[in-house]
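Work through the exercises below with the sequence and the model in view. Try each task before reading its solution.

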Amino acid sequence: MAKQILLKNIEVPGLAGFDVYRRLGGYSAVEKALKGYTPDQVTDEVKKSGLKGRGGAGFPAGMKWSFIDKKSDNPRYFVCNFDESEPGTFKDRHIGQLNPHQLIEGMILGSYALGANAAYIYIRGELFYVLNIIEKAINEAYKNGFLGENILGSGYSLNLYCHPGAGAYICGEETALLESLEGKRGNPRIKPPFPAIVGLYGCPTVVNNVETIAALPWIVNNGGEAYAAIGTGASTGTKLISACGHINKPGIYEIELGLPVEEFIYSDEYCGGIRNGNSLKAVVAGGSSVPILPADLILKTAKGEPRLMSYESLAEGGFQTGTMLGSGGFIVMDHTTCIVKNLLTFARFYRHESCGQCSPCREGTGWMEKILMRIEGGQGTMKDINLLTDIAKNIEGNTICPLGDAAAWPVASAIRHFREEFEEHVKLQKCPF
Amino acid sequence: MQDKNTIAEFNAATLDLVNQIIKRYPQGRQKSALLPVLHIAQAENNGWLSADTMDYVASLLGIQPIEVYEVASFYSMFNLQPVGNCVIEVCQTGPCWLNGAEQLLAHFEKRLGIKPGETTPDGKFTLKTVECLAACGNAPVIQVGTEYHEKLTTLKADELLDKWTAENKNSHTNPYL
């Protein structure tokens with residue numbers, strides 16, 4: 001049975017309301033931290049926990065916090081990245097919709113640790129109905145003294161607000177998010193300086209993902225060491241995996257990091273196997289950006305060891321034979337799937353979402369989409385396949401933000417592992433599916 | 001294009017909401033309220049942002065109109081051309097495609113007699129394709145205003161279309177309410 005840290009009470013009716021959340025022990029971490037811990041002690045617990053950023057990059061959260069510029073006279077900000085848009089990823093919505101107070105409690109803890117007196121939850125505009133649920137919960141938290149002036153008599157004050165986006169995947173990139181929060185186009189900033197030094201309104205800022213923040217109450221309540229004891233050592237704690245595609249039980253699962261991929265796909269506790277008894281063809285394990293792996297390489301590493309759901313095991317073999325845990329968006333494809341067509345939908349996505357600042361990404365994503373349309377439509381040539389690889393190489397590493405890499409990796413990996421299928425499209429001059 | 005249906009200005013209740021939103025940001029940072037206020041303005045202007053509407057928003061926030069245009073044209077949720085009363089947005093990204101989004105879109109096209117980006121001659125429906133709505137576990141998914149409709153089949157799509165046609169569905173409601 002998976003460790004239930006994030007989803008423990010998720011099915012309790014009325015959990016989105018303050019009273020139910022509180023009755024189940026909610027806000028005890030805020031009481032514990034504000035009464036018993038200095039801000040640095042909270043940061044220390046998070047460092048000890050080994051918690052990594054759950055948005056996709058996997059950067060250690062405690063370390064990110066420790067970069068905050070404490071010498072600056074400017075106010076500090078804590079910002080929640082709720083711009084969930086990575087194809088295959090739908091875990092944050094689950095928390096926001098069903099357990100908003102867990103997120104709010106995490107926001108209070110993070111803000112306290114960072115010394116922020118104002119915090120924002122930046123939520124994608126399409127999820128306005130979730131924003132409204134969270135705002136209602138925020139109002140309840142104010143009424144009950146967990147937000148506002150002098151929280152629990154601690155002398156610490158915090159105001160928390162929701163801010164809607166308006167349809168732009170790029171705003172999930174933290175500096176684009178900050179631009180957007182300032183009322184501008186979501187163009188990523190050149191780093192350094194990092195947000196911890198120059199963030200929102202030029203002030204020291206930390207941006208964390210919803211799932212990262214939602215883990216904070218448990219970590220404060222139980223201690224960083226207890227969290228670090230869960231998982232594989234290198235990958236601590238639990239992770240939400242949003243599983244979709246051709247499986248019998250799509251949904252959101254909380255797993256202890258280190259669970260074998262095979263068990264995750266085939267066990268009835270999780271995905272429940274492939275639909276219609278079909279065979280597994282490929283998996284995109286961490287959101288559309290991460291390299292696609294064929295069935296044999298997702299179930300076992302190139303060395304023949306069982307592949308585990310952990311940062312290090314999924315990355316085993318590098319990009320030649322491995323992939324990334326990413327956001328935990330787990331997209332499963334059965335043998336009826338055309339890899340080229342699936343890739344075309346991703347390529348279209350990245351072309352649509354490129355902000356246009358950097359030429360390699362702005363132009364390259366469009367070219368990749370067009371060439372893939374050509375191949376899928378039966379007009380491709382063998383040269384087109386190499387051209388795709390070339391374009392992907394020329395985007396990768398040559399852009400201000402990681403959207404370029406995110407657009408390049410799916411193309412490069414699909415050709416790496418499924419070249420015959422591209423060639424078959426060219427030879428037949430049509431899609432074989 | 002003539003702005004046939006442009007809001008003159010927000011009513012008192014909406015202005016009150018806008019002022020509350022502006023207060024969420026530090027003094028002098030009222031530009032931060034641009035996205036939320038544009039959402040409200042679009043809803044009140046039949047689902048799109050005319051030049052006059054954007055100028056009005058600029059005046060409310062004390063910023064230049066160009067600062068509004070450049071933002072409105074960046075974000076895919078803002079329509080810069082008139083749309084139908086009910087905008088149907090069909091997700092077409094990988095996970096939805098794996099679960100029949102293409103067939104679903106074709107069904108909407110057939111039922112409505114229009115292609116994505118078009119509006120029915122009676123002005124009731126606009127059909128759009130959108131990229132990932134982050135509800136992939138319940139694919140295929142569509143969005144209509146602030147509503148998601150998930151695990152959609154052509155049968156369910158028909159039911160929804162019949163219902164929306166009968167009630168003359170308007171998807172442009174103030175998202176904060």
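**Exercise 1: two packed helices**

The crossing of α6(B) and α7(B) is right-handed. A crossing is right-handed if the near helix is turned clockwise from the far one by less than a right angle, and left-handed if anticlockwise. The model is predicted: local features need pLDDT of at least 70, side-chain atom pairs count only at pLDDT 80 or more, and totals for chains, interfaces and linings use all residues. Residues are numbered from 1 along each chain as its sequence is written, chains are lettered from A and ligands numbered from 1 in the order in which they are written, and side-chain values use heavy atoms, with hydrogens and water left out.

Task: describe how α6(B) and α7(B) pack, and state which residues make the contact.

Solution. 
1. Locate the helices: α6 covers residues 101-112 of chain B and α7 covers residues 154-167 of chain B. Helices (H or I, at least four residues) and strands (E, at least two) are DSSP runs, numbered from the N terminus.
2. Axes are lines fitted to C-alpha atoms, for helices over the stretch in contact, and angles run from 0 to 180 degrees between N-to-C directions.
3. List the contact (heavy atoms within 4.5 Å). α6(B) supplies Leu104(B), His107(B), Phe108(B), Arg111(B) and Leu112(B), and α7(B) supplies Thr154(B), Ala157(B), Asp158(B), Leu161(B) and Asp162(B).

**Exercise 2: salt bridges**

Task: find how many salt bridges cross the interface of chain B and chain A, and examine two pairs.

Solution. 
1. Apply the rule: a side-chain nitrogen of Lys or Arg within 4 Å of a carboxyl oxygen of Asp or Glu.
2. Count: the interface of chain B and chain A has four, and the structure over all chains has 30.
3. Take a pair between the chains: Glu102(B) and Lys341(A) have their closest N and O atoms 2.3 Å apart.
4. Take a pair in chain A: for Asp334(A) and Arg275(A) the closest N and O atoms are 2.8 Å apart. Asp334(A) is in strand β11 (residues 329-334) and Arg275(A) in the loop between α12 (261-266) and β8 (280-284), so the pair ties together parts of chain A that are 59 residues apart in sequence.

**Exercise 3: one loop of chain B**

Task: what backbone features are found at Ala134(B) and at Pro140(B)?

Solution. 
1. Ala134(B), not a glycine, has a positive phi of about 60°.
2. A cis peptide bond with omega about -5° joins Ala139(B) to Pro140(B).
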